[in-house]
Each structure stands twice: as C-alpha cells, then as structure tokens.
Amino acid sequence: MTEVDSDRVIELLGGSALALAAAVRAGEVTARAVVEAALARIAVIDPVLNAFTDVTAARARAEADAIDARRAAGKPLGPLAGVPFAVKNLFDLKGLPTRAGSKINRDRPPAPRDATLVERLTAAGAVCLGGLNMGEYAYDFTGENVHDGISRNPHAIGHMAGGSSGGSGAAVGGKLVPLSLGSDTNGSIRVPASFCGIFGLKPTYGRLSRARSFPFVASLDHLGPFARNVGDLAASYDALLGPDADDPALADMPAEPVLERLDAPGDLKVAVLGGWFARQGSLQTYAAVAAAARALGATRSVELPEVERARAAAYLITMAEGAALHLDRMRTRPGDFDPAVRERLLAGAVLPAAWIARAQILRRWFRERALELFADHDVLIAPASPVPAPKSGQVTFVLDGREMLVRPNIGIYTQPISFIGLPVVAAPIPLNERLPVAVQLIAAPWREDAALKAARVLERAGVAVAPEPAV
C-alpha cells in the first residue's frame, strides 16, 4: 500500500462508515488495508482509552481477506463492506468467553457462536475487531470496571466514558472503530453517547434480537448501535433488523429499514419534555435541549406525570431481576464481584415481592400516560445526562443545589424512558464545549424512524455533531 493509499484509508476510517464501505466496494481501498489501519490505531490509542478487552485481530484479517476475495471474484458486497466494528463484551463472540464485564464469567467456556446481532453486522460486510470494556454485569453508569480498568473519555481522558457501555462509547468517540454495539437497561447506550459525543440508538423493547448476549434485567434489556453520524447509525440499525426464533422476547414485527427514509419529506411534530426533565440538570444540559428544540421547531413543553415514582419503580425491578439472575454466583463466589455491584444485588435479593408487583402496575400506567403524549407528537426532546462527563472516580456531584451520588443519579433522565421500552436516539450537542452532552429524541413504540429523522434534521442543521476526539 502506497503512502497515498495509507492516507486515504486513515481518512476513511475516521469518517463515515457508509463512505468507507462504498470505497471498499469500488476497489478504491481494500478491506484488509482498512483493518490493518484500525488495528494500528487501536494499538496506539487504546492503551489511553482502555476501550477494548479483546482484540480479535486474526478474525478481523480473515474476514477482511474474504471480503477482498469476493470483490476480486466479482461477487456483490454488503452495505457495510469492510467497516470495522466492535461489541460490548456481553455479546457472544465465537471462540471467546463472554465476560459481561465480570471476573466470574472468564471461567466460562468460549462461545460456540456469535450473538445474532454480531452475525447480522458480519453478514452486511462489517468486520469484527473484538470485545469492549463495560461495567460489571452491566450494573453501572460510569464506565469504571474493577477487573478491566476504567474506560476513558476520548475528549478528556480524566473523565468518565459513561456506562455500562463505556468501551462502546469510547471506541467510537475515539475513532477506533466507526461502529459499535452496546446494551441499554436503564441508560447504558444513551449515557456513554452523551459523555463521548456520539450518536446512540436504544430501539423499542423487543425490536432487536438479544439472542446469545449475557442478560442483566430481561424485562428492561435493549441492544443497539453507536455511530458518529446519523446515516451510519441508521445503516447499522437496518442491518440488525429481522426475526429471530432464538429470542422469545422479540416482537413479531416486520423489519422496517430507515436509511432510505431519513430524508423523506414531511414535518415532525416535536415537543420538549418538561417537569422532571427540566429540573436538576446543568446549564449546558439545558442549553443543548434548547438548541435541539429550536432546530426542530419545538415550541411546546409537555409533561409526563409521576416520573420520579416511575424511576423508583425501575430501580426496584432492576434490583430484583438482577439479583435473581446472579443469586447462585453470589452464593458461591461473592468475593469475585465488584463490591459495589454485589451490594446492589444483595439489596435486590431481599426486596418484598409486593413492592415489585406495585412497580409493575405503575409501569403499565406510566406507559399509557406516555402513549397519550404521542397522540399529538412524533418526537419528545429530553436531556440524556444531567451533566457532562464527571471526572473518573468522582463520587458526588451537585444537582439542583443538592449534593448527590454520581453512580446512581447519572441516569435520572434515561431510566424512566427505558422503563417503558420507548425508542430513543441520543444525539450529541457539543456547544463548543470541551465535554459534549446529548439530548434524547424519544419516539412512540416502533417509530425508530421518527427519532432517527429528528436526529438527521439536527445533524443537517449543524446542531448535532460528533466532535473530534482529543486523543
């Protein structure tokens, strides 16, 4: 590869995944050259960011060579041909134990098969570069793992990348890969997207297969993609769609691709969520919401009732279901847990059943109130995080004049939305600040297209942009 070719590969790797794939399909660059450039960047930058826990170099080279061989033979290539991606290490990757951010899971046998969503990205031509750091068993908002170390923010390495998909956010925000996959139970896609200044999609509950991924809270878990622009986010989402008999929770819904409809004519009816979502945040948080509202023509504010109670109910369900999942591990290997995670799981194990039943009743009621808002609106705007990324190791911050614990309160705006399974795009609003924040673009169930279209409007207006990393 000549120096000119090398420069072009590096340029493509730091830009659009769709442009990179088009260059591979056209023969402008090879998939192998792209993979080598990505591996070289990981070798230099990841010791700073600590996004990867497993780099699958041999697999990536083999997949890239297969793509180049297909092109040489005149065979068609997929829409994401040659695009590197990586996944939160709770996704099964064939040949690796599925860590789920834990010490205990490292003793599991290697996965015999990839997770469904990994298979689908691979089928679209994307190339898997490995597994990414995460909070232990996904019970985390900070990106600080006691076993694998801290995932660092690509815009300020002394600050949090967010969790629990911290490695997924840092890898895309730091331009190690154009795409990644994460999971979101209470905000674990949207918080890292906000802290790391990238786009993230939490789909409708039941939209994307969770087969062969390690669970946290079965009734709240979502899987979804990260990217640095809306087109790439939509393209990766489209590749992930489809039925899967291996996931009994997957809804019986047709695949509804969105990429080709992003720029379709038609106005969106948009409002800003007030009440709970207009309190406790930083000035930068609300400046981001205001900027998004102006660009989307949102002049009305609406409220969801009883948001604080809904968040409390989400906490109870998270604690109870998480504890039930890990009860045997807590009995046999308590010393191998992150102590902070173990304490929360133990608390969940002793919650009264009546509390959980009441939480589920409130959940249904709260969802009905949310659906009423979508009778008049396509998209609702809310903050994704109350503040930009706190410093790594920071224990408290001040919200609304009160000193509060960081770890349980980063998700004050994301948890109530996960609770009822709505689709959300987190869109970065940098506002010329060193640390970005994001807004949530929330849509009605199965309307990922509306949330992505709103993000596209913000991107085209220059309001939602993934800032250049500092690393």
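Strand β17 (437–443) is largely enclosed by the rest of the structure, because seven of its seven residues are buried. Buried means under 20% relative accessible area, exposed means over 50%, and partly exposed lies in between, with a 1.4 Å probe and protein chains only. Helices (H or I, at least four residues) and strands (E, at least two) are DSSP runs, numbered from the N terminus.

This is a predicted model, in which local features need pLDDT of at least 70, side-chain atom pairs count only at pLDDT 80 or more, and totals for chains, interfaces and linings use all residues. Residues are numbered from 1 along each chain as its sequence is written, and side-chain values use heavy atoms, with hydrogens and water left out.

**The sheet**

- An open sheet of 11 strands runs in the order β1-β3-β2-β8-β10-β9-β16-β17-β13-β11-β12.
- Its pairing is mixed. Two strands pair if DSSP finds at least two bridges between them.
- The edge strands are β1 (52–55) and β12 (301–302), and each pairs on one side only.
- β1 pairs with β3 (residues 127–132) in the antiparallel sense, over three bridges. Here Asp54 stands opposite Gly131 of β3.
- Helix α15 (residues 448–460) packs on the sheet. It touches β9 (199–202), β13 (379–383), β16 (424–429) and β17. Contact means heavy atoms within 4.5 Å.
- The direction of α15 makes about 140° with that of β17. Axes are lines fitted to C-alpha atoms, for helices over the stretch in contact, and angles run from 0 to 180 degrees between N-to-C directions.

- β13 and β17 pair in the antiparallel sense over five bridges. Leu380 has Ile442 of β17 as its bridge partner.
- β16 and β17 are also antiparallel, joined by six bridges. Val424 stands opposite Ile442 in β17.

- β8 (residues 179–184) is mostly covered, with six of its six residues buried.
- Leu179, Leu181 and Ser183 lie on one side of β8. Ser180, Gly182 and Asp184 lie on the other.
- β2 (residues 84–88) pairs with β8 in the parallel sense, over three bridges. Ser180 in β8 is the bridge partner of Ala86.
- β8 and β10 (residues 222–227) run antiparallel, joined by six bridges. Leu181 has Pro225 of β10 as its bridge partner.

**Strand β9 and its neighbours**

- Phe199 and Leu201 point one way from β9, Gly200 and Lys202 point the other way, and all are buried.
- β9 and β10 pair in the antiparallel sense over two bridges. Gly200 stands opposite Phe226 in β10.
- β9 and β16 pair in the antiparallel sense over three bridges. Val425 in β16 is the bridge partner of Leu201.

**The pockets**

- Rolling a probe the size of a water molecule over the atoms shows where empty space is left.
- A pocket, on a 1 Å grid over the protein atoms alone, is an open set of points where a 1.4 Å probe fits, with protein on both sides within 12 Å along at least five of seven lines. Lining residues have an atom within 4 Å of a point.
- The largest pocket holds about 280 Å³ of space. Grid points are joined across faces, edges and corners, and a volume is the space filled by probe spheres set on the points.
- The largest pocket is lined by 15 residues. Tyr139, Tyr315, Arg344, Arg407 and Pro408 lie nearest its centre.
- Helix α10 (307–332) gives the most to this lining, with three residues.
- The lining of the largest pocket has seven nonpolar, five polar and three charged residues. Ala, Val, Leu, Ile, Met, Phe, Trp, Tyr, Cys and Pro count as nonpolar, Asp, Glu, Lys and Arg as charged, and the others, Gly among them, as polar.
- The second largest pocket has a volume of about 190 Å³. Its lining residues include Arg309, Trp355, Arg358 and Trp365.
- α10 and α12 (353–373) each give two or more residues to the lining of the second largest pocket. α12 gives the most, with six.
- That lining has eight nonpolar, no polar and two charged residues.

**An exposed residue**

- Ala26 lies in helix α2 (residues 17–26). Ala26 is exposed, with a relative accessible area of 53%.
- Ala26 and Arg71 are 45 residues apart along the chain. Their C-alpha atoms are separated by 8.8 Å.
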